[in-house]
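Hello,

Here is the structure I promised to pass on to you. My notes on it follow below.

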Amino acid sequence: MRPGTCNDCDAGNSGDSDNDLDFDDDTDFDFDFDFDDDTDFDDDTDFDDDTDVDFDTDFDLDLDSDSDATLRRSRGDAADRDGLLGGRRLRRLHGGQRGGPLLSAVHDLQGWDQGVAREVPRGLHECVWRQLCGAAHAREVHRRKMRRGPRQTLSRPLMDLVADLLAADALAHDAQYRKGLSNHLPMALVALAGLGASRERLVAFRERYARRLEPAPKVPDPAEKPMREGLARHLGTHARYAQLAELFRSRVRSEAPRDVARDALRELVPGLAGGAFHGLIRVAYALGNPGSPVDEIAAALAYMADVHLPLEPADGAADGAATRSLIVLMQDVAKDAGATAYVGKRGLIFDDLGDVASRPALALLLRAASHGPRTLDAAAHAALLVYASTSHFTALHCLTATHALRVLLPLLDEPAQATAVLARALIAAYITMAAPALMDEEATDRMRSRVVPSWDEIARAACASDNEHVIKLVWTAREEHAAYGDPLYTVVAARAAGL
């Protein structure tokens, strides 16, 4: 697969090549698919644009008799990895982007309905639409099975050391310091360990970073626990971290931590922008690291709850929003005078995100991201493009946030809803940057083709850094590169590491 930004492909009916599908009145299709949550895929399957996957199962379309008759007559070889989504010609119907990996293929299905209706013979329209949705669903099921969070190759002694350091920090330090800055120590320790830092480096970083932190707050009244009133009343107060930490500690010590997290995330995900995404990121690092102690998981969940920040969309649907990609929406935002002239209030990302959502004129710009199906692939691609184009500090947090949500995706009951929340937050973050210009396709491809050091060299440079954001960025970029294959991740990681 070739990662990238935009590629307009011919949607006509002439000329054939791999993955190019021609549609005319004589075209036959074979729609033999049965996709459900139990669909099993071989984790070793490598999907790229030239991969053909034979789905040899029954697909009950539940069509009316006329359509069913058409279906039975239809035969063909539309069974590539995304069904009809894999055809480069169809991909253009919604103005899709090429590559990285079929980012346009599933994130705006509503727009495809109209496009397919125009290009496919009338009798096959419903068949095409149903296969489109089924194939997209199967692809998402496969991706969720493949995404298990950060891969760890730590020795047992090193894993035990990281666990000890995380547990000590969770109990000794507050989740914030200096009136709103996030405690990055647990996240940096996980990232350093994943990048190959030595035992000595981990201890030295912990000792140096901990000097800036503040002691963990005490629970004012042990009887005053959120569990007595329900979690919802205590979200986003910025004043209940101690009580929330006590609540989650009591739960993770008596229940399965991942079950506690799954239950809590139902209420926490709508406010994932809180703390400039740091609550989300800390939870992902805690749950993605197999050696995380329960006290760190509890502290991470408590922090995400305490800084909860919902960015509610404005009422009403944005015209054509469902047919526009997230990057196109950002380009539209960049044409808004209010967005390009935005100036933050205090200089903290968290405050600026809330400020954008509170301004009616700017809040209207967020609603487009709330309509139409969005995929995490599209969000990751947009975050990468913004960061690659700008090196902006806020864009760095957008990149690490998309990685964090990917790690947590298997724990979410409604991943599509979580992705819509993230998309809204990314638009808000883009506005807080005053909607800077993004690289076009040609500039992105030039940047992608740069010769950069190997991941081992980049990781060594990051491990030697005392900058927690460099460490997290390189860790994120390496993990996202492994997931998506876009060499642009390697380029931005090398740049961040000073190479």
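**Around Thr432**

Not counting residues up to four places away in sequence, Thr432 touches Tyr342, Asp352, Leu353, Val356 and Thr394 (contact means heavy atoms within 4.5 Å). Please keep in mind that this is a predicted model, in which local features need pLDDT of at least 70 and side-chain atom pairs count only at pLDDT 80 or more, while totals for chains, interfaces and linings use all residues. Residues are numbered from 1 along each chain as its sequence is written, and side-chain values use heavy atoms, with hydrogens and water left out.

Thr432 is part of helix α18 (helices are DSSP runs of H or I with at least four residues, strands are runs of E with at least two, and both are numbered from the N terminus). With a relative accessible area of 12%, Thr432 is buried (buried means under 20% relative accessible area, exposed over 50% and partly exposed in between, using a 1.4 Å probe and protein chains only).

**Two helix pairs**

Two packed helices are described by the angle between their axes and the distance between the axes. Helix α17 (residues 393-408) and α18 cross at roughly 175 degrees, and their axes come within 10 Å (axes are lines fitted to C-alpha atoms, for helices over the stretch in contact, and angles run from 0 to 180 degrees between N-to-C directions). That makes α17 roughly antiparallel to α18 (angles under 35 degrees count as roughly parallel, over 145 as roughly antiparallel, 65 to 115 as roughly perpendicular and the rest as oblique). On the α17 side, Thr394, Cys398, Ala401, Thr402 and Leu405 meet Ala418, Thr419, Leu422, Leu426, Ala429 and Thr432 of α18.

The other pair is helix α16 (residues 376-390) with helix α22 (residues 488-496), which pack at an angle of about 40 degrees with axes 11 Å apart. α16 and α22 are therefore oblique to each other. Ala380, Leu384, Tyr387 and Ala388 of α16 make the contact with Leu488, Tyr489, Val492, Arg495 and Ala496 of α22.

**The core and the whole chain**

The largest nonpolar core has 133 residues, and Leu202, Phe277 and Ile431 have the most contacts inside it (such a core is a set of buried Ala, Val, Leu, Ile, Met, Phe, Trp, Tyr and Cys residues joined through side-chain atoms within 4.5 Å). Helix α18 (residues 415-432) gives the most to this core, with 11 residues. Leaving aside neighbours within four places in sequence, Phe277 is in contact with residues including Leu353, Cys398 and Leu422.

The chain holds 22 helices and two strands, and 58% of its 499 residues count as buried.

Best wishes
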